[in-house]
Amino acid sequence: MHITDLETFVCSYRFPEPDRWYAGGKDDKEPVAGHFNAIIVRLHTNEGITGLGEVMPWTDLDARIDALQNIVRPRLIGRSPFDVDLLTTFGPDLHTNLGLAGANIACWDIVGKATQTPLYRLFDRDALAEPRLRCYASGGVGWAWFDRPDDLVDEAIAHREAGFTAMKLRIGTSWARADVTVPRFLELLARVRTAVGPDFELMLDANMRFGPEEFDDVLELSRGLHALNFQWFEDPIHRAEEEGYGFYKGRDGSVEPDSVGMYRNLREQSGMTISGGETTFDPTFLRRMIDGDAVDIVNLDVTWLGFDQSRRVATWLAAHNRRCIPHSWTTGISFAAAAHFVAAIPNRYTLEFQTIKSRLMDDLLLEPLAPVDGHLEIPERPGLGVELNEDAVANQFQRIDGDILLGL
Ligand SMILES: [Mg+2]
């Protein structure tokens with residue numbers, strides 16, 4: 001079998017106004033996500049089997065598509081998808097690497113279909129796979145400090161009533177605009193904790209919105225989360241991972257102390273479980289985070305790294321007794337990829353299930369994977385186990401140009 005073509009296209013979904021979600025307000029800026037994109041990769045073979053993959057779509061869509069067409073495609077044409085790991089080895093360019101990660105997923109989808117095997121079974125070298133996964137409701141992005149913060153409490157209750165046993169929430173809209181302080185936020189989180197009870201798992205993702213100059217506030221917040229029995233605190237402080245060892249540049253260009261050291265101090269001084277890594281594609285930086293005791297959990301993203309690198313990182317994390325809980329926030333394709341990955345790693349804990357109302361999660365696919373009562377049962381279909389709804393791709397998800405965030 002050999003690859004005959006690489007096809008790539010963008011699918012977009014515009015959120016109806018009530019479903020728009022807040023995306024990192026700071027000072028007087030209050031951006032909301034107006035639409036969402038997906039860069040789909042489809043590989044074709046001479047035996048008629050096709051494979052699906054997805055490429056991280058937040059920015060630079062055309063640069064990523066150019067890399068897929070002009071660098072990744074020539075590398076794959078005529079080659080066997082069974083050589084997937086060798087064919088998709090990373091180089092120095094970000095866009096090419098992201099394209100290679102998407103191609104890696106698509107090659108594996110073909111391998112699964114060619115061998116009539118679900119991917120999690122192909123990945124399961126130690127016969128320890130678990131195809132029934134506990135999902136956590138990843139949300140807490142639709143509430144606003146300037147409106148009705150108690151929407152967050154209502155949302156947490158709704159997730160629990162839907163059968164979820166865990167929820168991840170975000171820090172809300174701009175703190176400066178609504179005079180929010182750490183004690184005020186902790187008071188809201190205490191109400192969430194009371195509403196869902198002591199056994200429901202809660203996680204906070206700060207999405208790196210605090211700067212290093214706010215370390216004392218973040219430490220106070222981290223101690224508060226520990227006291228409220230939060231499961232983990234994700235991406236607490238801004239990191240600039242492309243910078244060299246020892247220092248990194250803050251948002252204003254000033255040189256700040258090493259972010260690895262800052263994360264370690266936060267862990268040690270608060271006792272809180274810290275996680276990070278969803279935007280990291282550089283195994284060297286992941287290694288620094290682990291060797292530097294900066295994080296307890298790595299939230300790598302399979303669409304940034306591909307299956308082979310993600311699995312190597314997970315194995316290495318397991319050897320260091322750390323959990324691997326991948327990030328997943330785009331479409332039903334990447335959700336299926338994350339599910340197969342999690343099912344087959346030894347240090348699995350839970351699977352992220354995005355709860356914003358994005359039709360890219362379900363209507364893009366014929367038989368999307370979806371949790372029931374907070375758990376996902378991976379179907380025994382070969383490969384990723386998902387297929388595009390061709391009619392929906394052609395008629396409902398046309399590309400939308402422009403920044404996905406409004407109000408920047
Ligand atoms: Mg995150």
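Okay, let's start with arginine 322: leaving aside its neighbours within four places in sequence, arginine 322 is in contact with Ile290, Asp296, Ile297, Val298, Leu317 and Asn347. By "in contact" I mean that the C-beta atoms of two residues, placed from the backbone, lie within 7 Å.

Before I go on, a word on what we're looking at. This is a predicted model, so local features need pLDDT of at least 70, side-chain atom pairs count only at pLDDT 80 or more, and totals for chains, interfaces and linings use all residues. Residues are numbered from 1 along each chain as its sequence is written.

Back to arginine 322. You'll find it in the loop between helix H10 (302-319) and strand S14 (323-324). Those labels come from DSSP runs, numbered from the N terminus: helices are H or I with at least four residues, strands are E with at least two. One of the contacts I listed was Asn347. Arginine 322 and asparagine 347 are 25 residues apart in sequence, yet their C-alpha atoms are 7.0 Å apart in space. So is arginine 322 buried, exposed or partly exposed? It has 18 C-beta neighbours inside 10 Å, so it counts as partly exposed. The cut-offs are these: 20 or more other C-beta atoms within 10 Å of a residue's own makes it buried, 12 or fewer makes it exposed, and in between is partly exposed, again with C-beta atoms placed from the backbone.

Aspartate 282 sits in the loop between strand S12 (274-276) and helix H9 (283-291). With 15 C-beta neighbours inside 10 Å, aspartate 282 is partly exposed. Glutamate 390, in helix H12 (residues 390-395), is exposed, with 9 other C-beta atoms within 10 Å. Its C-alpha atom and that of leucine 365 are separated by 8.3 Å, for 25 residues along the chain.

Now, backbone angles. Most residues other than glycine have a negative phi, and most peptide bonds are trans. Here are two residues with a positive one. Glutamine 116 has a phi near 55°, and lies in the loop between H3 and helix H4 (119-123). Aspartate 235 has a phi near 45°, and belongs to the loop between strand S9 (232-234) and strand S10 (247-249).

On to helix packing. Two packed helices are described by the angle between their axes and the distance between the axes. Here the axes are lines fitted to C-alpha atoms, for helices over the stretch in contact, and the angles run from 0 to 180 degrees between N-to-C directions.

Take helix H1 (residues 61-76) and helix H3 (residues 94-114): their axes are 8 Å apart, at an angle of about 60°. H1 and H3 are therefore oblique to each other. The naming goes like this: under 35 degrees is roughly parallel, over 145 roughly antiparallel, 65 to 115 roughly perpendicular, and the rest oblique. On the H1 side, the residues that meet H3 include Ala67, Leu68 and Ile71, and on the H3 side Leu98, Gly99 and Ala103 are among them. By class, that contact has nine nonpolar, three polar and one charged residues. For the classes, Ala, Val, Leu, Ile, Met, Phe, Trp, Tyr, Cys and Pro count as nonpolar, Asp, Glu, Lys and Arg as charged, and the others, Gly among them, as polar.

Next pair: helix H5 (residues 151-161) and helix H6 (residues 182-196) have axes that come within 9 Å and cross at roughly 25°. That makes H5 roughly parallel to H6. The residues in this contact divide into eight nonpolar, no polar and two charged.

And helix H7 (residues 215-227) with helix H8 (residues 259-270): the axes come within 9 Å and cross at roughly 40°, so H7 is oblique to H8. This contact has five nonpolar, four polar and one charged residues.

Last one, helix H11 (residues 332-344). How many of its 13 residues are buried? 13 of the 13 are, so H11 is largely enclosed by the rest of the structure.
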